[in-house]
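Please look through the sequence and the model below before reading the report that follows.

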Amino acid sequence: MPGIDKLPIEETLEDSPQTRSLLSVFEEDTATISSYYNQLFQAMQRIYDAQNELSAATHLTSKLLKEYEKQRFPLGGDDEVMSSTLQQFAKVIDELSSCHAVLSTQLADAMMFPITQFKERDLKEILTLKEVFQISSDDHDMAINRYSRLSKKKENEKVKSEVMEDVYTSRKKQHQTMMHYFSALNTLQYKKKIALLEPLLGYMQAQISFFKLGSENLTQQWEDFLTNIGTSVQNVRREMDSEVDVMQQTIQDLEQASDLLYMPDPDPNKIPINRNLTRKAGYLNTRNKTGLVSSTWDRQYFFTQGGNLMSQSRGDVAGGLVMDIDNCSVMAVDCEDRRFCFQISAFDGKKIAILQAESRKDCEEWIATINNISKRIYLSENPEETAARVNQSALEAVTPSPSFQQRHESFRPSTQGRPRAGRTSSQSSAGSESPALSSLSLDSLVAPDTPIQFDIISPVSEEYATQAKSASQGRRTNPFGESGESHSGDSEESILHQLFIVRFLGSMEVKATENTDVIYETMRQILAARAIHNIFRMTESHLLVTCECLKLIDPQTQVTRLRFPLSSVVLCATHQENKRLFGFVLQTAGGRVDGRPVTVCYIFESNNDGEKICDSVGLAKQIALHSEMDRKATQKQRELDKAKEKQQEELNKQKQIEKDLEEQSRLIAASSRPNPPAADGQFLVLSNSQSEDSDAGEEGRKRGESEA
C-alpha cells in the first residue's frame, strides 16, 4: 500500500502558517470522505432493507400458500391437486425463507456493522476534535492579545501574573488538542480504507454462503418436481389459448348480430317491439327533484322482480326497491328537456316516478312490460304466452264492424268543426278487460260513424259559442281555451271543493243517457281502439268538482282546459271491474242534431277509486239542487215583499188624494157664502189675493177630481 501523507505532530506547538495550510487540506479530505461514505452507507442500507423485505415477503408467501386450502372461492371448487401442489411449493419457499433470514443476519453483522461504526464513531470523533481545536485556538489568540497589551511603565504584578498564567493555560490546551486532532486525522487515512473494504468483504461472503446453502437444499427431487409443474403450466396455457379462440369467435358473432343495437334509437321496422314481456332490465335515467322547479337526472340500472321495480347503481352489491308496480298505471309523458320519457304512478297515487329510456323501442317495451306486470300476468305458469293472449284479446275487443274503420278514417275531418285542443296526448295502461254488453244494441248506445277523440277537445256549448262570437267582434280571447270571463267567483262561492288527479282516455258522441251501459260501452271501445292503434299517451289534469261546474285544470300552468256546467252532466259511473276508470255523459245545450241535443261521453283514469269521484259529482248535484230551490224560494219571497210595498204605496197615495179633496171642498164652500155688509152699511170688497186663492182652489179641485 503506498505511503500515506501525515500531519507533522512535532510542529503543533509552533503552529506555523504552513502547518495550518496543510491542516486545511486534511480537513477538506475529511469532508469529502464523510460525504462519500454517507452515500455508500445509504446504498448498503437499501441492500439490507431489501433483503429483510425479501425474507419477510418469502415467509408471507409460504404462509399464504399453506392457507390456500382454507379459502372458499365463489367460482372454484375443492381442487385437491392444486392444494397438494401449493403445499409442496410452500415447503420449498419456506426453506428459501429460512435461507434469506440467515443472509439478512450475515449482512447485518459483516456489512452494516463496520460501515456504521466508521460513520457513527470515527467521523463524529473528527468533527468533535475540530470544534474543540477551534475553541482552544481562539482562546490562545485572546490570551496572547492581552499579554501584548501589558504596559511597561506601570507594571502590576498581579495582573501580569494572571495574564501570563492565562497564556500558559491556553497554549498548553491548544497544543494538546492540536496533537490529538492531528493524530485522529492521520488515523482516518487508514480507517477509511478499512471501512470501505470490510463491508464489501462481508457482503460477498454472506452471498456465497447463501448460494451454498441454497444449492444444498434444492436437491434433484425438487428439480423433478419443478419440471412436472412446468409441464402442467404448459397444458393449462394451451387450454387457455383454445378458450380464447372460442371467445374471440363468439365476440365476432355477437358484433355482427348486435350491429343494429348499437344505434341509440334503432328502426322499429328492423327490430320489432316485443309487447309480451313480463320481465325487463336496462339502464334508465330517473328524474330527481332538487327544488320547486329544478331537477336532476341520474342514470341507474333498473330491473323488474316479480311485482316490484328495482334499481341499482354501479358499485352497489344489490338493488333497492323503487316502487310496487302491481295495479299501477304507466303512461308516456312529454318532458321539456328529455325524449322517450314515461311516468309510473302507484296504485294509491302517492308515489310517481318519471324515467327516460334510450330509444322509442325501449320506452314502449318498458311501458308494455310494466303494463303486463300491473295485470299480474307474471303469476301465471307461462307469463309470455298469457301476455300475448291478453294483448290479442285487446286487439280483438273492438266491435268487428266495417264502420269502425270508417269512423277512424273520418276522425280528423270530423274534428275540424271543434275547437282544437293542445297537442298533449297521453298513454295509459289499457289494463281492464271489456265489460259485458247490456241487452241494448250498440247502435242504441253509441251513435254510428262516431270518431273517438283521444285529445282534450272543448265541448260545443253556448258558452264557447258566445266566446267565439265575442272574439269575432274584436274581444281578446285566452289562447289556452279559457273564456274571457273569470269563473273564480263560482269556485269561491261554492260550498264543495274537491280536487282529483285524472288522465284523459278519450271521448265520443253517444245516443242513450238512460243507464250506465252507455259509459261501459264507451270505455270498451276507447280502450280497444287505443290498444289497436298503439295510442298509449294520455293528458294528465286536475279535476276540480264544485257545486257549479267540473273543471279540468292544467297541473303545470293552472289554466282551465275545460269547464263543464254541472247541470249538463246527466250521468256518471265507474268501470265494473277496474274502479280507477270512470266516465260521465255531458249533454250540451247547443249544437242540436236532428232536433236533439249533442251528448258526449268522456272517459278518464284516476289514481284513486273512481267511485269517490262519482260520489263527489252526485253530492255536488244534490247541493246545487238544494241551492237552486233555496234561491227560487228567496226570489219568490222578495217578489211578494215588493208587491206588498207597492200596494202600501198606492194606499198611501189614495189617502193623500182624499185629504186634498176634503181641503179643496172646504175652501170652495167658504168662498161660495155672500159677503156680510159692514157696520156703516157698505159692502166688503175682496182683495186681489183672495180672488187668486179662490181661483187656485177651483183649479185644484178640478185636478183632484180628474186624478180621482
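How are H1 and H2 oriented to each other, roughly parallel or roughly antiparallel? This is a predicted model, in which local features need pLDDT of at least 70, side-chain atom pairs count only at pLDDT 80 or more, and totals for chains, interfaces and linings use all residues. Residues are numbered from 1 along each chain as its sequence is written, and side-chain values use heavy atoms, with hydrogens and water left out.

The axes of helix H1 (residues 17-66) and helix H2 (residues 80-148) come within 7 Å and cross at roughly 160°; axes here are lines fitted to C-alpha atoms over the stretch in contact, with angles from 0 to 180 degrees between N-to-C directions. H1 and H2 are therefore roughly antiparallel, the term for angles over 145 degrees. By class, their contact has 26 nonpolar, 17 polar and six charged residues.

Strand E9 (residues 539-545) has seven of its seven residues buried, so the rest of the structure largely encloses it; buried means under 20% relative accessible area with a 1.4 Å probe, counting protein chains only. In a regular strand the side chains alternate between the two faces of the sheet. In E9, Thr539, Ser541, Leu543 and Val545 lie on one side and Glu540, His542 and Leu544 on the other, and all of these are buried.

| Strands | Bridges and direction |
|---|---|
| E8 (residues 498-509) and E9 | seven bridges, antiparallel |
| E9 and E10 (residues 549-553) | four bridges, antiparallel |

Phenylalanine 500 stands opposite leucine 543 in E9, while valine 545 has leucine 550 in E10 as its bridge partner. A hairpin of three residues joins E9 to E10.

Terms used:
Buried means under 20% relative accessible area, exposed over 50%, partly exposed in between (1.4 Å probe, protein chains only). Helices (H or I, at least four residues) and strands (E, at least two) are DSSP runs, numbered from the N terminus. Two strands pair if DSSP finds at least two bridges between them. Angles under 35 degrees count as roughly parallel, over 145 as roughly antiparallel, 65 to 115 as roughly perpendicular and the rest as oblique. Ala, Val, Leu, Ile, Met, Phe, Trp, Tyr, Cys and Pro count as nonpolar, Asp, Glu, Lys and Arg as charged, and the others, Gly among them, as polar.
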